[in-house]
Amino acid sequence: MKNIFVLFLSLVFISCQFETEEVLIISNTNIIDLETGDISKCDILIRDSVIALVSEANSIPTYANKNIDGTGYYLIPGLWDMHVHIQDSTYLSMFLDYGITGVRDMGGCVNVPTDGCESVCPEFLNRWKVAIAEGKMNGPQLYISGTQLSGTGWPTSFSVSTKEEVEYAFQQNIRDQVDFIKVYEKIPWESYQEIARLAKLHDLDFVGHVSKPFLLSDILDLGQKSIEHIREPILYSFTKDSKELENFMIADHYTIEDREFVKPWINDAENVIESFKRNEAWFTPTMAVQYARQRYNDKNWINHPFRHKLPNSVTDGLYSHIDAMKANKDKIGDMLWWMALTKLVKRFSEEKIGILAGSDAVCQGGIPGYSLHEELFLMVEEAGLSPLEAIQTATINPCSYFGLKKNGKVHEEYYADLVLLKENPLENIRNTLSIKAVIKYGKIVQLN
Ligand SMILES: [Zn+2]
């Protein structure tokens, strides 16, 4: 709080400017401090894109059309989805509708939207990113990885079987002005080392999956900044008894040869935990996309009203997924996987390893925007995090990950990327969906 004199001068100044300036006031609202969970009743004044003043409730004069009455509501910073695949510009406004004001796009390079786990090629993402930053287009702040690097030989990624191919992939991605490099799977160790070297040289983070058969700790020691999904290397590292392991391998349809791969990972949990801490690496569990495997009978999810906003090619893909899920005989295996995932997320949280909320939409039927809320619900209801801990993974943590000094808090001089909620999300995580208003760079983009 400012002292009285400074506050008085500020208010006189502000009142004089109200008529001509781009200002917005949210009065008498509950601001949630997401570091502590403390709630304080305040007015806030937004000027242009920034929170100019936070002061005692009912202290800032209100003006018609420039005021939102926040009485009884709760204000949090805008949410981030740290693992998405944007394939169509329609997704951008869907994110904002659900209070997501920043996303990390995890790349690919497809020309036509599909239901897959890949993004549109970087030239489009870059165009949207610039237009959003210049205020010419509505959408969340974008961080993009461009075309991913892979040893799998997928046509939508750069093959990196040799050092020369790694060099080429970097050249192309740098030409495309990407923000970071995404690695996929089956990357040879020599190529992995070259990726780490070039990433350092070009001051780019590299993030992504884990290539078999390397130890997760070795990959983290190379400098991979975030690990995406709970896939086999992580899960098996935390597996202690052989029966549990056997069940996982059945669930994963492992062949006898495949089983050789997993041997180095088994029972490596303490090493994994230590290497995450040592390298200050981040973990994006993407629980929502794993949970989707069990949702073939969930009509509310399948018929979610936002699905009609998605391109037909995406929706058609969902129905073929659902058929495949219904046909999957190994539902018990899926359930075992799911139970192990929830325990892992809890353990990572207890160990204070940085967790990032990421939905992986539109992969496996995810819905841009909405699925991020589901990710938070699953963290609380299935993994046992507190609502505060879950919301931190979508606010404070992403901003700390990107080193953003003016995002992720409701605080003076911070960007006014805000979500006003009708109900307290710390009491019930599902209240993150009770959206009254979404504000991006000081402008109301959604008001219910
Ligand atoms: Zn993904």
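Strands are DSSP runs of E, at least two residues in length, numbered from the N terminus. In this predicted model, one such run is strand β2, residues 39–47, and cysteine 42 lies in it. Cysteine 42 has 23 C-beta neighbours inside 10 Å, and it therefore counts as buried. Leaving aside neighbours within four places in sequence, its contacts are Thr29, Ile31, Val54, Ser55, Glu56 and Ala57. Glutamine 294 is 252 residues from cysteine 42 in sequence. In space, the C-alpha atoms of cysteine 42 and glutamine 294 are 43 Å apart.

The protein is divided into two parts: domain 1 covers 4–77 + 409–447, and domain 2 covers 79–402. Their C-alpha centres lie 33 Å apart. Contact between them involves 18 residues of domain 1 and 17 residues of domain 2. On the side of domain 1 that touches domain 2, β5 (74–77), β17 (435–440) and β18 (443–447) each supply at least two residues. The most comes from β17, with three residues. By type, the residues on this side of domain 1 comprise 11 nonpolar, three polar and four charged.

The largest nonpolar core has 117 residues. Those with the most contacts inside it are Ile44, Leu75, Ile76, Leu149 and Ile195. Strand β1 (residues 23–32) gives the most to this core, namely six residues. Both domain 1 and domain 2 give residues to the core, so it lies between them. The buried residues of α4 are Val166, Ala169, Phe170 and Asn173. Seen down the helix axis, these buried residues fall within an arc of 100 degrees, so they line one face of α4. An α-helix has 3.6 residues a turn, so residues three or four places apart point the same way. The cover over the buried residues of α4 includes β9 (149–150), β10 (158–159), β11 (180–183) and α5 (189–201). Exposed residues Glu164 and Arg175 are carried on the face turned away from the buried side of α4. Glutamine 177 follows α4, and its phi is positive, near 55 degrees.

Tyrosine 370 is found in helix α15, residues 370–381. It is buried, with 22 other C-beta atoms within 10 Å. Not counting residues up to four places away in sequence, tyrosine 370 touches Tyr98, His304 and Phe306. Tyrosine 370 and threonine 90 are 280 residues apart in sequence. Their C-alpha atoms are 14 Å apart in space.

Tryptophan 301 lies in helix α12, residues 299–302. It has 19 C-beta neighbours inside 10 Å and so counts as partly exposed, since a residue is buried if 20 or more lie within that distance. Valine 207 is 94 residues from tryptophan 301 in sequence, and the two are 30 Å apart in space, C-alpha to C-alpha.

Methods
Residues are numbered from 1 along each chain as its sequence is written. This is a predicted model: local features need pLDDT of at least 70, side-chain atom pairs count only at pLDDT 80 or more; totals for chains, interfaces and linings use all residues. A nonpolar core is a set of buried Ala, Val, Leu, Ile, Met, Phe, Trp, Tyr and Cys residues joined through C-beta atoms within 7 Å. A residue is buried if 20 or more other C-beta atoms lie within 10 Å of its own, exposed if 12 or fewer, and partly exposed in between; C-beta atoms are placed from the backbone. Helices (H or I, at least four residues) and strands (E, at least two) are DSSP runs, numbered from the N terminus. Domain bounds come from an automatic or database domain assignment. The arc is that of the directions from the helix axis to the C-beta atoms. Two residues are in contact if their C-beta atoms, placed from the backbone, lie within 7 Å. Ala, Val, Leu, Ile, Met, Phe, Trp, Tyr, Cys and Pro count as nonpolar, Asp, Glu, Lys and Arg as charged, and the others, Gly among them, as polar.
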